[in-house]
Amino acid sequence: MPIDCCRFAGVKKFEDLFPLMPGDWRRHFDRYEWTGAVDLASNHIRVSDRFSHEPLSVFDPMSLDMEALVLPHQGLIVNGWSDLIAAGVFLDALNDYALEHWASQKSRVVHVVNPHDPAGSAERIGRCAGDRRIAAITIPLMPTMLGSVSWDPVFRAATEAGLPVVIHFSGVEGSYAGAPPLAGAPHTNPLSRHILMPHLAESNVASMIFEGAFYRFPTLQVLFAGFGFKWLPSLLRRLDQEWRNFRSDMPWVKDKPSAKVVDHIWASTYPVGEAHNPEIWLGEFSEPLLRRVVFASNAPFDGDPFTQVIDTLGQEWAQRLADNGSAFAHPALRREVAA
Amino acid sequence: MEQTVTGARRIVDCDVHPLIKSVSALKPYFSKEWADFFVPSSVGQSSTNGFVFARARDRYPHPNTTYRLDALPPAGGPAGSDPAFVVQDLIEPFGITTALLLPQEHYGVIRFASSAAAAAFERANNEYLIDHWLEADRRFALALTVSEHDPKAAAESIRALGHRNGVVGVQLLINKSMLGSLVFDPIYEAAQEMGLAIVSHQNGSEGCYSYSQVPAGGAPRFYGERHSVLPQIGAANVVDMIMSGVFERFPELKVVMVEWGFSWLGSLMSRADYLWHKNRSAAPHLKRQPSEYLVEHFKFATQPLDEASGIREFEAMFGIPGLDRMLLFSSDYPHYDTDAPDVILGKIPEQMKDAVYWRNAVESFGPKIFRQ
């Protein structure tokens, strides 16, 4: 049975979070320009106001037909916030809400890290390590890339808790001040921004590999979800060549980058529509690399049903994605926790 | 002539970097005011690496040298500064029919704050190369270099020099604006009018300055990490040109992307087509799917050629739809990561050899790429 390694859930009204906030903060957030911005926060592909979605439906964790990792995507938007303190309060409330409303036997929650406070986030991860409702953490992308030692407290806490990391864009990258840039400069068309999102994954993979993150955290597992996966072979060839040319400049990188990638990095099928005609591109993938691709529906946003993924990629992918999903998610889903 | 190591086919090498031995060599091409401005107090009168430089070398220092030590001319000067030695070291041994010169000192213009200074420097450097390189050997061809500092002056320069024998393209420096911006329309208009292809090459400034274009995500920590993600900037500009309708405004325009890689094209094209089909109205300028513009208008140079792990991966890499119409050979002589022509050309699949060796170059630059 496949596992949906990344689907989303969000609140329909930010006011739903008020009971989970300290009283003074409730007053702070109770302003129209924030509560009224729930539509912005709910716009998962927020590459431009050009792209919008129907209002979110309420996520029913009992309705799932397969196990799923549920990411509270509205939390990702704090990578565009200027108020770093308020971001922490918001994420605390959202994470608590997610545990209360979106966790079930089949759905496990992805805990959203406050990227403005790695040390505090590490403490929170440590506190919820024994909560089986949590199956992964996610870090909203920041200009400090994931290979930086700044993230070490978060990765230390995640690996100690046995939790993998799921990375997804919030949509304000390349747009909001303080959020990570997209490649180039401000683009002249919103569709360009959407097309170029996988570069965020590429750069962070390069950062983690070349800055030695996986030597510091040998059990760390990172899924880049929603970026597709066809970009991987070209990136790996480039990483290997740069490493060969300049390995004397990065003596801490002991192994060929592609070998580390297939031990630590995962990518997801969404959007599978860009991966049609696999006979054209499949040869670029080694068997170990194919074992790093997992199913992610991206539901409820313009999602890829599993049947559609198999129709596009071929029947042999059904077992492959089931096996890969288990390899990625089961260590956390089945982890032993203290009573 | 002795048989060359690459055989009898014509070969166009689309990436050879000339340098000037000293900034004083440009003095005859400056007005007195600009000569006084540049020559006595330029960033360096001469060096082994060119006298102006785009990359911030105290931000991303290269681990070794950017040039090949064996490419230093015996008579002195930086690697790539002696036309006769380039003939002896690259053109003759490998049977290069045409070496496209992409001048490197121009890249330092990126850092110029003054648009007038940029225009004066570019014009002088272009004229110097016409006189001293194109006149030296008919196997040299030149891409005039212009920047976005002053698009009107750039267009004038293209019209003034674009007819010179051996001038085949316009090297447009990537700086603040994406290449899809309307800012570049005067340059594209002049290039199309003169039948000159736009050439884009990394200039070294990427990720260095507050105004530079950057790779996605954040600042890479060191040179190798940065170099591994630089192709993103080329890809981003390709997408931006297509999506902003450059090729609807200039339907005859050809673009040659050099040293940005090419093996990412498969994933980029399928993603662009897929997302465009889902959101056609978001790109109102387009009349066809993005990959059709890409194959029709763009070429990509081979260097640095990806090293596939085996024949299966290699064949898939060269199986990118339309690649046989888009790929050009390039060596990047005399840089540290030069792709040796005999090695690289030997790897090109037999059915693509004519296209990659020279046919696609003719399609981009026209028959003038071969000088009589």
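How many bridges join β1(B) to strand β2 of chain B, and which way do the two strands run? I noted at the outset that this is a predicted model. I found three bridges between β1(B) and β2 (residues 98–101) of chain B, and the two strands run parallel. Looking for one such bridge, I saw that B:V12 has B:T98 as its partner in β2(B).

**Entry: the sheet of chain B.** I then traced the sheet to which these strands belong. It is an open sheet of eight strands with parallel pairing, in the order β1-β2-β3-β4-β5-β6-β7-β8 (chain B). I identified its edge strands as β1 (12–16) and β8 (327–328) of chain B, each of which pairs on one side only.

Entry: I looked up two helices that lie across strands of chain B. Helix α7(B) lies across β5 (197–201), β6 (255–258) and β7 (298–301) of chain B, and its angle to β6(B) is about 165°.

**Entry: α7(B) in detail.** I checked the length of α7(B): at 1.5 Å a residue, its 13 residues should span 18 Å, and its end C-alpha atoms are 18 Å apart, so the two agree. I also asked how covered the helix is, and found 13 of its 13 residues buried. Just after α7(B), I noted that B:G245 takes a positive phi of about 85°.

**Entry: α4(B) against α5(B).** Helix α4 (residues 151–161) and helix α5 (residues 185–194) of chain B pack at an angle of about 10°, with their axes 8 Å apart. I therefore recorded α4(B) as roughly parallel to α5(B), the angle being under 35 degrees. Residues of the contact include B:A155 and B:I158 of α4(B), and B:I187 and B:M194 of α5(B). By class, I found nine nonpolar, no polar and three charged residues in this contact.

**Entry: the sheet of chain A.** I turned to chain A and found an open sheet of eight strands, ordered β1-β2-β3-β4-β5-β6-β7-β8 (chain A), with parallel pairing. Its edge strands are β1 (4–8) and β8 (293–294) of chain A. Three bridges join β1(A) to β2 (residues 68–71) of chain A, and A:F8 has A:L71 as its bridge partner in β2(A).

**Entry: where the chains meet.** Lastly, I looked up the contact between the chains, in which 57 residues of chain B touch 51 residues of chain A. On the side of chain B, the elements giving two or more residues are α6 (223–229), α7 (231–243), α9 (265–278) and α11 (311–317). I counted the residues on that side as 26 nonpolar, 20 polar and 11 charged.

Key: Residues numbered from 1 in each chain as written. Chains lettered and ligands numbered in written order. Predicted model: local features only at pLDDT ≥ 70, side-chain atom pairs only at ≥ 80, totals over all residues. Contact = placed C-beta atoms within 7 Å. Helix = DSSP H or I, 4+ residues; strand = E, 2+ residues; numbered from the N terminus. Nonpolar A, V, L, I, M, F, W, Y, C, P; charged D, E, K, R; others polar. Expected span 1.5 Å × (residues − 1). Buried ≥ 20, exposed ≤ 12 C-beta atoms within 10 Å, placed from the backbone. Pairing = 2+ DSSP bridges. Axes fitted to C-alpha atoms, helices over the stretch in contact; angles between N-to-C directions. Parallel < 35°, antiparallel > 145°, perpendicular 65-115°, else oblique.
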